[in-house]
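Welcome to this short briefing. Please have a look at the sequence and the structure below, and then we can walk through them together.

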Amino acid sequence: MRVLYFAWVKSKVGIGEERVEPPAGVATVGALLDWLSQRSTKHAAALANRSVVRVAVNQEYVGTDHPVKPGDEVALFPPVTGG
Amino acid sequence: MIRVQHEDFDIGAEIAALTQGRTDIGGVASFIGLVRDVVGSESVGAMTLEHYPGMTEKKLQEIEAEANRRWPLSASLIIHRFGRLEPGDRIVLVITASPHRQAALESCAFLIDWLKTKAPFWKLEETAAGPQWVEARDSDDDAAARWIKDVAE
């Protein structure tokens, strides 16, 4: 699974992208965020306030109940501010 | 048509290209977003726009397709820049063309309102206190929400 970070989520995690292999029990976005938070203190800090983290799976906005599986592209980022 | 690019764009040339040889277009509307040097009470030296290559283009295409479903458009164009931009620089261009002005004007407003809340771009501003990520504003959500009632159909 490929996980991408953007904007201040990227700054806080310290990397823009990583490949991860969460255990089979990690089957939803919510579970993945919990699992990622335990990877390092930086991950934990970046994902501490879930209300300001948006999630896209395979480039579509999704909620925390959305399923995730090996091979997915998961992106975590703050609310968008373009235009 | 959508383009995501670092390079600047020529507004007149883009409108001319979009309407070239067309005799079915009665009106063209455009929106141009620029970098301001003051945001709130803070002075901004420059900003860097980050985006999500792939998803950004996909979302812009979806937003443009939605505008074409809602209004009878003859042509449309969205250009959004990324990278470092300075005050006065152009950020975004939206052009819509239709046989009638109302469709052009309304769809242009729709496109920029939806783009601001749906297209994955993030602004990092250079301020006296150091670089700061711009926070999403409720007023942008409100502006986008006024178009939502038509989406559920």
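Is Ala104(B) buried or exposed, and how many other C-beta atoms lie within 10 Å? Ala104(B) is buried, because 26 other C-beta atoms lie within 10 Å and 20 or more are enough for that label. Do keep in mind that this is a predicted model.

**Ala104(B) and its surroundings**

- Ala104(B) belongs to helix α3 of chain B.
- Leaving aside residues up to four places away in sequence, Ala104(B) touches Gly27(B), Val28(B), Ala29(B), Thr96(B), Ala97(B) and Ser98(B).
- Asp140(B) is 36 residues from Ala104(B) along the chain, and the C-alpha atoms of the two are separated by 21 Å.

**Helix α3 of chain B**

- Helix α3 of chain B covers residues 101-118, which makes 18 residues.
- The buried residues of α3(B) include Ala103(B), Ala104(B), Ser107(B), Cys108(B), Phe110(B) and Leu111(B).
- Also buried in α3(B) are Ile112(B), Asp113(B), Trp114(B), Leu115(B), Lys116(B) and Thr117(B).
- In chain B, the partners against which the buried residues of α3(B) pack are β2 (27-34), α2 (55-70), β5 (75-81), β7 (90-98) and α4 (138-145).

**How α2(B) and α3(B) pack**

- Two packed helices are described by the angle between their axes and the distance between the axes.
- For α2(B) and α3(B), the angle is about 150° and the axes are 10 Å apart.
- An angle over 145 degrees counts as roughly antiparallel, and α2(B) and α3(B) are therefore roughly antiparallel to each other.
- The crossing that α2(B) and α3(B) make is right-handed.
- On the α2(B) side, the residues that meet α3(B) are Lys59(B), Leu60(B), Ile63(B), Ala67(B) and Arg70(B).
- On the α3(B) side, their partners are Ser107(B), Phe110(B), Leu111(B), Trp114(B), Leu115(B) and Lys118(B).

**Chain B as a whole**

- Chain B has four helices and nine strands, in the order β-α-β-β-β-α-β-β-β-α-β-β-α from the N terminus.
- The radius of gyration of chain B is 16 Å, close to the 15 Å that the globule rule gives for 153 residues, so chain B is as compact as a globular protein of that length.
- The C-alpha trace of chain B spans about 50 × 35 × 30 Å along its principal axes.
- Of the 153 residues in chain B, 33% are buried.
- Among contacts in chain B with a separation of 6 or more, 77% are between residues 24 or more positions apart.

**Chain A as a whole**

- Three helices and five strands form the secondary structure of chain A, and from the N terminus on they run β-α-β-α-α-β-β-β.
- A compact globule of 83 residues would have a radius of gyration near 12 Å, and the 12 Å of chain A agrees with this.
- Taken along the principal axes, the C-alpha atoms of chain A fill a box of roughly 35 × 25 × 20 Å.
- Buried residues account for 29% of the 83 residues in chain A.
- Of the contacts in chain A between residues at least 6 apart in sequence, 55% join residues at least 24 apart.

- Most residues other than glycine have a negative phi.
- Asn58(A) is not a glycine, yet its phi is positive, near 50°.
- Gln59(A), also not a glycine, has a positive phi of about 70°.
- Asn58(A) sits in the loop between β3 (54-57) and β4 (60-62) of chain A, and Gln59(A) is placed in the loop between β3 and β4 of chain A.
- Asn58(A) is partly exposed, with 14 other C-beta atoms within 10 Å.
- Gln59(A) is partly exposed, with 16 other C-beta atoms within 10 Å.

**Where the chains touch**

- The contact takes 22 residues from chain B and 13 residues from chain A.
- On the side of chain B that touches chain A, β4 (42-51), α2, α3 and β8 (121-127) of chain B each supply at least two residues.
- α3(B) gives the most to that side of chain B, with five residues.

Note on methods. Residues numbered from 1 in each chain as written. Chains lettered and ligands numbered in written order. Predicted model: local features only at pLDDT ≥ 70, side-chain atom pairs only at ≥ 80, totals over all residues. Rg over C-alpha atoms; globule rule 2.2 N^0.38 Å. Buried ≥ 20, exposed ≤ 12 C-beta atoms within 10 Å, placed from the backbone. Contact = placed C-beta atoms within 7 Å. Expected span 1.5 Å × (residues − 1). Axes fitted to C-alpha atoms, helices over the stretch in contact; angles between N-to-C directions. Parallel < 35°, antiparallel > 145°, perpendicular 65-115°, else oblique. Left-handed = near helix turned anticlockwise from the far one by under 90°.
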